Amino acid sequence: MSMERKKQTALQMLFKRKKHITFLALAITILLLTSAFSPEIEEHLSKEDGWIENITTFALFATTTLGTFLLSKKILGKRALIFISITSFIAFLSEISFGERLFNLDMPHAGGKQLDGVHDLLHMLQKIYIVNGNYHPTETLIATTILLALAATLIYTARSKISKLNNYLKTLKIRSIVAYAISFALVAQALDLGIIVHENHRILEEILELLAALCLAASIIKIKSLNHSKTKRQAISLK
């Protein structure tokens with residue numbers, strides 16, 4: 001019996017790895033094809049309110065709605081659901097410029113830039129860093145070093161909590177999916193900020209944001225599926 005269970009576990013692990021490898025291979029293939037687009041196609045696909053952005057917006061809204069609906073139930077993984085739902089909602093608002101174009105709102109300005117999305121805050125911080133670096137290079141370097149040291153100290157201090165979070169996500173079977181979402185989002189922001197330079201940076205950024213949104217949606221669906229399986233097992237054991 002134990003040998004049979006070991007075989008089943010090994011097969012499940014192999015199937016899981018194959019799914020992750022297939023997803024990553026598909027994502028990389030899409031990104032490579034996207035990077036080869038002509039400037040005309042790139043401009044058409046990455047335009048404001050284009051179909052890629054609209055799909056991303058829909059995915060984020062659907063994730064927020066499903067997550068909020070699941071929160072009303074007695075369910076395993078509520079903390080993860082809350083975090084993913086809030087993250088998806090903020091990203092959704094950012095995609096629609098916090099309603100600026102929908103409701104003709106007058107958005108605030110800072111650092112000479114209109115703040116109608118999360119990425120604008122990052123642009124503002126980048127601009128502050130560049131301006132201070134040009135006029136006060138030594139002070140900026142010292143301040144940056146101190147901030148990085150503080151960040152490293154905080155991460156080191158919170159290492160036990162990070163480990164618990166890692167185990168928590170592993171228990172919910174969404175650790176890899178969440179890691180993919182964070183990775184895609186970080187690379188997208190790096191392209192947006194010009195840290196990573198590519199001639200098709202706009203379309204690549206849009207595709208990466210879409211992939212991140214789909215990963216968030218997959219996380220919610222995985223938690224729902226995990227709870228459904230648990231409920232089904234409990235029902236069988238009661239018979």
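**View 1. Two aromatic pairs turn up in this predicted model under the ring-pair rule.** Rings of Phe, Tyr and Trp (its six-membered ring) pair if their centres lie within 6.5 Å; planes under 30 degrees apart count as stacked, over 60 as edge-to-face and the rest as tilted. Phe61 and Phe92 have ring centres 5.3 Å apart and planes at 45°, so this pair is tilted. Phe61 belongs to helix 3 (residues 51-71) and Phe92 to helix 4 (residues 78-95), so the pair links distant parts of the chain, 31 residues apart (helices are DSSP runs of H or I, at least four residues, numbered from the N terminus). Ring pairs join Phe61, Phe89 and Phe92 into a cluster.

**View 2. Phe61 is partly exposed, whereas Phe92 is buried.** The relative accessible area is 45% for Phe61 and 14% for Phe92. Buried means under 20%, exposed over 50%, and partly exposed in between (1.4 Å probe, protein chains only).

**View 3. Here the charged end of Arg79 sits over the ring of Tyr168.** The distance to the ring centre is 4.5 Å. Such a contact needs NZ of Lys or CZ of Arg within 6 Å of the ring centre and within 35 degrees of the ring normal. Arg159 likewise lies over the face of Tyr156, 4.1 Å from the ring centre.

**View 4. Lys173 has a positive phi of about 65°, although it is not a glycine.** Most residues other than glycine have a negative phi. Lys173 is found in the loop between helix 8 (159-171) and helix 9 (175-192), and is partly exposed at 46% relative accessibility.

**Notes.** Residues are numbered from 1 along each chain as its sequence is written, and side-chain values use heavy atoms, without hydrogens or water. In this predicted model, local features need pLDDT of at least 70 and side-chain atom pairs count only at pLDDT 80 or more, while totals for chains, interfaces and linings use all residues.

Conventions:
Helices (H or I, at least four residues) and strands (E, at least two) are DSSP runs, numbered from the N terminus.
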